[in-house]
Amino acid sequence: MAPALRLAAALLALAGPALAQPARDSLTIGITQYPSTFHPNIDAMVAKSYVAGFTLRPLTAYAPDWQPTCLFCETLPTIENGLAVRETAANGRPGLRLTYRLREGLRWGDGTPITGEDLRFAWEAGRNDATGFGAAEFYRSAYELIVVDARTITLRFDKVTFDFASVGDFKPLPAHVDRARWEADPRAYRTRTAYDTETTNPAIWNGPYRIAAVQPGAGVTLERNPLWGGAAPAFRRIQIRTVENTAALEAQLLAGQIDMIAGELGLPIDQAAALQRRTGDRFRFEYHPGLIYEHLDINHDHPALGDRRVRQALLMALDRAQIVARLFDGRQPVAHSSVNPLDPMHAEDVRQWPHDPARAAALLDEAGWRRGPDGIRRNAAGDRLSIELMTTAGNRSREQVQQVLQAQWRAAGIETRIRNEPPRVFFAETLSRRRFQGAALFAWISAPESVPRTTLHSDEIPRAERNWSGQNFGGYRNPELDALLEALPEELDPDERRQMFARLQAIYSRELPVLPLWFRSDAHIWPTWLEGVRPTGHLNPSTLWAEEWRVRP
Amino acid sequence: MTRLRLGLLLLGLLAGGALAAPLLGLWLGHDSGAPDLFNRYAAPSAAHPLGTDDLGRDLLTRLLEGARVSLAVGIATALAAALIGTAAGILAAWRGGFVEALIMRLADGLLALPALPLLVVLAAVDPAVIGLPRGEAVSDMARIIIILTLFGWVGVARLARAAALSVLARDHIRAARALGVTEARLLRRHVLPALAAPVSVATALAVAGAILAESTLSFLGLGIAPPAPSWGNMLANAQELVFSAPMAAVWPGLAILAAVAGCTLVADGLRAR
Amino acid sequence: MAGAALILRRLAQIAITLAILSFAAYMLIGLMPGDPIDLALIGDPRLTAGDAARLRALHGLDQPLLARYAAWAASVLRGEFGYSRLFAVPVADVLWPALRSSLALLGGALAIAATGGVALGVLAAARPRSAGFVDAIAVIGQAMPSFWLGILLIILFAVTLGWLPAGGSAEDGGSALRFLVLPVATLAIANVAAYARHTAAAMTATLTEPWIRTARAKGASRTRVLWRHAFPNAAVPILTLAALDAGALVSGAVVTETLFARPGMGKLIFDAIMGNDYNLALVALLLVALVTMLATLAADLAQRALDPRLA
């Protein structure tokens with residue numbers, strides 16, 4: 001391979017000067033998913049939010065520093081600045097009244113000003129069940145929207161949460177284009193919206209770029225939006241190409257067909273690190289840790305796993321630092337609880353469980369699981385310490401990890417049986433109906449400062465009578481934690497909240513309701529001449545700040 | 001004849017390797033399933049004649065164990081297809097009339113269907129629906145064998161029917177019938193032997209087709225799930241790092257190439273006889 | 001006269017097969033675990049079980065499978081193919097671009113495979129000493145898994161030599177041909193073997209016929225005997241093979257399309273099935289089956305015309 005690579009390098013060096021244009025005004029980005037629809041509120045998917053970051057802006061977002069920030073509003077409402085007011089909601093519960101003022105000079109791509117009516121349309125469409133928007137929690141709790149003047153709205157909520165200012169990803173929808181279509185038949189809006197029937201209509205886009213052309217399944221062409229009021233973006237044209245196969249994506253990067261690979265939908269860490277070792281400084285690499293939390297959900301009804309000592313031993317039998325170092329090039333932070341080290345609420349003194357086979361063995365002995373003749377531990381009744389370990393079939397990285405876990409547990413005298421299922425069965429049936437027997441390896445995606453209520457509160461254990469809602473798949477119960485999870489969202493004082501989060505992490509890391517593994521990282525790969533891309537690591541993509549992207553002079 | 005010998009030699013080597021896989025593991029002193037994170041993508045050495053894979057496991061041992069899975073899928077599919085196809089072909093030729101029309105229209109219909117998309121639909125069907133445990137290597141294998149057989153018997157059936165028809169039309173068969181030889185004996189003594197040649201050619205080709213189909217399904221994520229190795233899933237796994245560790249993809253690719261070429265040569269050889 | 005009756009009977013058979021296929025495919029997709037809303041739940045962590053129930057009712061997914069099939073079949077019979085669930089546009093709007101892409105890809109590949117295969121087959125039959133070489137090409141071409149071959153071609157021609165693009169399709173009116181070379185080559189290499197074998201077998205058989213010897217004895221040139229006398233007789237099995245391949249023209253090649261990032265029918269059908277997009281998956285499957293069966297019918301009729309014994 002080496003001589004061939006040298007040859008390639010030589011050829012590229014020859015081609016280099018010809019490729020270098022005096023002024024770079026276009027950028028080609030490779031991603032691994034195609035945004036199948038373009039309506040921002042129907043079917044959430046990462047590719048769509050990545051493209052929408054260039055073309056549509058929400059009222060607020062989490063900035064790359066993980067703090068909530070205004071994108072289309074002037075000031076984030078707080079109790080202190082008077083834009084947020086506590087009140088009693090219509091249903092008699094404590095509520096909130098928030099006032100947002102749109103920035104001056106905001107326009108749709110056809111020049112129509114963006115007003116409170118556009119926000120009202122988005123809110124009305126979201127509240128109507130027939131429209132079929134995805135997540136409806138925001139629309140349920142925001143029970144009233146008042147358009148105060150063309151640029152000002154007031155929203156009333158029937159609950160109080162500390163993260164009230166970041167109103168989901170509530171964004172204006174073009175009432176002057178889409179309202180009539182929606183009113184004619186909300187059920188058919190999904191297929192009649194201009195986002196999917198006239199995707200290249202400038203009137204429906206409001207970001208620094210607008211969609212100029214769509215190549216179904218293959219990519220999207222963006223052009224500068226001349227009516228964008230913010231900082232002028234550097235590129236005249238941005239081409240986003242979908243290449244689902246990551247080996248093919250890497251080949252296109254090496255062949256010079258794409259300039260960069262987006263970290264949000266890019267190469268696995270392992271592949272990116274190998275590429276970096278081979279190509280040296282031909283590209284710039286940044287590995288950014290994010291809010292995707294890989295962990296093992298534990299079935300607490302399992303006779304052995306219900307015992308805290310066994311869970312602690314399981315974790316100490318694993319060498320997570322070594323796994324991260326070897327399989328992920330050391331680029332993913334080992335997790336000690338569900339709170340990311342980059343999160344403002346992360347506690348520094350959280351308990352860690354480093355690799356310690358001796359202590360793991362002692363704990364297992366103490367819990368009554370002693371080594372049998374074949375090396376597998378047994379309890380007094382003679383039952384083997386055997387765990388079924390499941391994950392999503394077809395996810396190469398998880399399948400790799402799983403086999404390493406199996407080997408490391410085997411060394412500690414724990415038998416692991418691997419049984420994987422395709423994601424659709426795994427999530428839709430096995431997890432949500434609590435049909436997994438031992439441990440399940442998968443990830444949670446969260447927002448900064450998110451309270452893990454749906455995954456840890458005992459009310460959230462899925463049950464048939466509750467239509468299997470809730471995500472506490474392991475069936476963990478802890479009254480102290482329940483109380484904390486109920487109080488936390490309503491605590492508006494950040495210092496108080498920090499203390500409560502610290503207690504949450506202390507309980508979490510002692511009791512180990514789930515076994516933390518690590519937080520996933522994104523591998524961003526940029527050309528050396530590009531600067532200003534700020535990876536976020538959360539659900540708001542780096543493209544929301546695309547006007548800051550610059551060509552290095 | 002040389003083609004037949006070459007093909008048999010290739011297949012014999014692969015099958016011998018597959019059978020010897022546990023011995024090789026003992027001799028090299030390691031267990032193919034145990035990951036060794038300090039030894040990922042190691043270069044060939046005395047301990048690892050072909051180097052190691054993405055989890056530091058010995059490639060040669062995995063390749064030979066993969067041979068067991070891949071060859072088992074190929075041979076089981078081919079045998080099942082040969083059995084069903086021969087039975088259906090003889091039945092059609094012997095009974096004629098409505099039965100023949102039914103079988104042959106079914107065969108034509110299956111032949112006209114887009115095979116790969118239907119394989120995808122079938123491969124994604126929940127194994128629990130047909131009573132197989134989910135997520136076990138054995139049920140993956142059973143699932144793949146069943147769906148490949150579903151399409152594989154058609155080719156054999158058409159060949160078998162054609163051959164059987166030509167035998168049944170011969171004068172000595174009519175004479176035997178007139179002499180009161182039973183139908184069962186007729187089929188056993190005269191029809192079956194005449195089918196041996198065409199059916200064995202079709203079976204050899206079916207083995208090749210099943211091995212290739214398994215690798216395609218693995219590429220699409222519908223093949224045999226790890227940790228059990230098959231050539232298809234080894235190849236699919238290796239493609240992500242194909243630029244950094246090309247040999248991890250080259251070896252299973254060559255194994256498939258050798259097996260499929262071996263089957264094709266055997267089929268050619270049998271046909272030429 | 002018999003011909004017209006035959007055509008009518010075959011057309012009726014085709015219609016019945018399509019009806020059965022649509023039912024079977026609908027039921028099989030329904031048998032896949034999880035429904036579209038389950039898929040959405042995986043993609044969006046903020047969706048709650050309540051949202052799921054609401055969306056299920058909205059999309060009619062709470063109805064029994066048979067009722068949904070009946071509703072689907074009724075609207076198809078009215079000529080309404082509905083909207084693609086994945087892409088939220090009418091099915092035809094997604095189907096046509098994919099079909100064009102697949103026709104270019106597979107049309108090119110099969111044309112090259114057929115001409116190359118026929119040439120190799122004739123060569124093997126005419127010059128027995130070259131038969132071993134032709135055999136080797138055929139055996140190896142057929143035995144390589146297509147994504148393995150595709151990756152090897154990409155590494156060599158796109159990444160190492162930099163001669164050709166590694167995938168994708170032309171934009172801005174650039175030359176579409178450059179983008180087609182590697183994927184077409186991948187598919188052509190895999191398909192050339194079948195044509196070479198069938199041609200070689202048929203030609204070898206024909207060349208031993210007595211009337212060929214007669215033609216030679218009459219002084220016809222070697223080339224003339226080969227192409228004018230022998231080849232038309234050997235063409236029947238090749239035609240049958242080509243007819244079977246016609247289905248591939250519209251069913252695409254999912255592996256090659258994925259590897260070279262060229263969205264075509266193969267990828268579309270795969271995604272539609274995996275995404276529980278009933279409308280799209282069924283229309284695409286039925287289209288493929290229809291084209292295959294019509295091509296087979298055409299091949300049968302052509303065979304009758306070429307070979308009077310079959311009539």
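The model is predicted, so please read every value here as computed from it. Chain C and chain A bury about 4,000 Å² between them, while chain B and chain A bury about 2,400 Å². Inside the chains, chain C is divided into two parts, domain 1 (2-77) and domain 2 (96-310), and chain A is divided into domain 1 (26-33 + 199-289 + 522-551), domain 2 (58-183) and domain 3 (290-519). The structure also holds 1 disulfide over all chains.

**Where chain C meets chain A**

- On the chain C side, 48 residues are in contact with 51 residues of chain A.
- Carbon and sulfur atoms give 59% of the area of about 4,000 Å² that is buried between chain C and chain A.
- There are 2 salt bridges between chain C and chain A.
- A salt bridge pairs C:Lys267 with A:Glu244, and their closest N and O atoms are 2.9 Å apart.
- Between chain C and chain A, 6 residue pairs are in polar contact, counting pairs with both residues at pLDDT 80 or more.
- Which elements of chain C give two or more residues to the side that touches chain A? They are α2 (36-43), α3 (49-58), α7 (146-160), α11 (254-259) and α12 (265-274) of chain C.
- Of these elements, α3(C) gives the most to the side of chain C that touches chain A, with 6 residues.
- Sorted by class, the side of chain C that touches chain A has 29 nonpolar, 9 polar and 10 charged residues.

**Where chain B meets chain A**

- This contact takes 23 residues from chain B and 29 residues from chain A.
- Of the area of about 2,400 Å² buried between chain B and chain A, carbon and sulfur atoms give 58%.
- How many salt bridges are found across the interface of chain B and chain A? The rule finds 3 salt bridges there.
- A salt bridge brings together the side chains of A:Asp270 and B:Arg40, at 2.8 Å from N to O.
- The count of residue pairs in polar contact between chain B and chain A is 11, with both residues at pLDDT 80 or more.
- The side of chain B that touches chain A has 12 nonpolar, 4 polar and 7 charged residues.

**Inside chain C: domain 1 and domain 2**

- The C-alpha centres of domain 1 of chain C and domain 2 of chain C lie 32 Å apart.
- Their contact takes 21 residues from domain 1 of chain C and 19 residues from domain 2 of chain C.
- About 1,800 Å² is buried between domain 1 of chain C and domain 2 of chain C, and carbon and sulfur atoms give 79% of that area.
- Between domain 1 of chain C and domain 2 of chain C, the count is 0 salt bridges, and the rule finds 0 residue pairs in polar contact (both at pLDDT 80 or more).
- On the domain 1 side of this contact, α1 (2-31), α2 and α4 (65-77) of chain C each supply at least two residues.
- The largest share of that domain 1 side, 13 residues, comes from α1(C).
- By class, the side of domain 1 of chain C that touches domain 2 of chain C divides into 14 nonpolar, 4 polar and 3 charged residues.

**Inside chain A: domain 2 and domain 3**

- The C-alpha centres of domain 2 of chain A and domain 3 of chain A lie 36 Å apart.
- Their contact takes 9 residues from domain 2 of chain A and 16 residues from domain 3 of chain A.
- The area buried between domain 2 of chain A and domain 3 of chain A is about 970 Å², and carbon and sulfur atoms give 78% of it.
- Which three residues supply 72% of the area that domain 2 of chain A buries against domain 3 of chain A? They are A:Tyr62, A:Trp66 and A:Phe162, which supply more than any other three residues.
- The count between domain 2 of chain A and domain 3 of chain A is 0 salt bridges, and 1 residue pair is in polar contact (both at pLDDT 80 or more).
- The side of domain 2 of chain A that touches domain 3 of chain A divides into 6 nonpolar, 2 polar and 1 charged residues.

**The disulfide**

- A:Cys70 and A:Cys73 are joined by a disulfide, with an S to S distance of 1.9 Å.
- The link of A:Cys70 and A:Cys73 is left-handed, with -100° about the S-S bond.

Definitions and conventions. Residues are numbered from 1 along each chain as its sequence is written. Chains are lettered from A and ligands numbered from 1 in the order in which they are written. This is a predicted model: local features need pLDDT of at least 70, side-chain atom pairs count only at pLDDT 80 or more; totals for chains, interfaces and linings use all residues. Side-chain values use heavy atoms; hydrogens and water are left out. Contact means heavy atoms within 4.5 Å. Buried area is the accessible area (1.4 Å probe) that two parts lose on being put together, summed over both. A salt bridge is a side-chain nitrogen of Lys or Arg within 4 Å of a carboxyl oxygen of Asp or Glu. A polar contact is a pair of N or O atoms within 3.5 Å; within protein, one must be able to donate a hydrogen and the other to accept it, and residues adjacent in sequence count only if both atoms are side-chain atoms. Helices (H or I, at least four residues) and strands (E, at least two) are DSSP runs, numbered from the N terminus. Ala, Val, Leu, Ile, Met, Phe, Trp, Tyr, Cys and Pro count as nonpolar, Asp, Glu, Lys and Arg as charged, and the others, Gly among them, as polar. Domain bounds come from an automatic or database domain assignment. A disulfide is a pair of cysteine sulfur atoms within 2.5 Å.
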